[in-house]
Amino acid sequence: MFFSKLRADIRAAQANDPAARSRFEILLTYHGVKALAAHRRAAFFHRIGLKTIARMISQGCKRRTGIEIHPAAKIAPGVFIDHGSGVVIGETAEVGEGTVLYQGCTLGGTGKETGKRHPTVGKNCVISAGAKVLGGITLGDYVKVGAGAVVLRDVPSHATVVGVPARIVRIRGSKEGVDLLQEKEDPLQIELCALRERVFALEDALARLGAAPIPHDYKPAEEKIPEMEEKERKPSKVSLNDYCLAVRDGRYVLVKKQLKKEEENK
């Protein structure tokens, strides 16, 4: 049983890594294959109740390969961990046959929940470098997770997810039927446009006070200001008749007329 699973892991490495040249080389040099072999030994001791020995094996493998797999995790034969450094697989995680895990990915939890708190990954999935799949969620078969993505919800089969938090961008390689609203509206861009409109409105207000207009090649949209009810209006305590525009360090500023006359007299 152990050797049949080991052979399946080696075949997965050959199928997914074009740099692999021979099975003997894979067995001796690939940390992902070594980590999976150590995990199967640790899982055996964990099943028979020797959990301390199982943890010692898993932690020893972590020091040698940089891959941490909890002994209770369920990993099917034929999984390939490419490069592997920084890979973490939690206690209740399940990984299906043919799945490829790249360096830095995490199949972890979101807190101190009990029970099923780690993800279930289907068959023939791809978890790219730096991706985080968190919580007791389910990824269907043939799911692709983009590099650096953070997956917090269930993902249907044949879907591609990217981003933080991860969103579905393709199903079966097509965008048809996928909600891509996040690609059409950028909240940061909307906020920047609103600030730009506000700057233009302030420039127009200065121009009405007598300042020279500041040239720009973008015409702001007219902003409709709703009229306030009479009870909401508050009288201004400062009269604009007491102020005038002056140039200070190349910028227009409001100064009191009395102070400007004193400066001109000096």
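V161 stands opposite I168, a residue of strand β15. The model in which this pair is found is a predicted one.

**The sheet**

Strand β14, residues 159–162, is joined to β15 by 4 bridges, and the two strands run antiparallel. Both belong to an open sheet of 6 strands, ordered β3-β6-β9-β12-β14-β15, in which the pairing is mixed. At the edges of this sheet are β3 (80–81) and β15 (167–171), each of which pairs on one side only.

**The surface patch**

On the surface, F44, I48, L50 and I53 form a nonpolar patch; together these residues have about 340 Å² of accessible area. One of the four, I53, lies in helix α4, which spans residues 51–65. I53 counts as partly exposed because its relative accessibility is 35%, between the limits of 20% for buried and 50% for exposed.

**The protein overall**

The protein contains 7 helices and 17 strands.

| Property of the protein | Value |
|---|---|
| Residues counted as buried, of 266 residues | 33% |
| Contacts joining residues at least 24 apart, among those between residues at least 6 apart in sequence | 29% |
| Accessible surface | about 17700 Å² |
| Part of the accessible surface belonging to carbon and sulfur atoms | 54% |

Conventions
Residues numbered from 1 in each chain as written. Predicted model: local features only at pLDDT ≥ 70, side-chain atom pairs only at ≥ 80, totals over all residues. Heavy atoms only, no water. Patch = residues over 30% accessible without salt bridge, like charges linked within 9 Å, V, L, I, M, F, W, Y side chains within 5 Å. Areas by Shrake-Rupley, 256 points an atom, 1.4 Å probe, with all protein chains shown as cover. Salt bridge = Lys/Arg side-chain N within 4 Å of Asp/Glu carboxyl O. Buried < 20%, exposed > 50% of the residue type's maximum accessible area, 1.4 Å probe, protein only. Pairing = 2+ DSSP bridges. Contact = heavy atoms within 4.5 Å.
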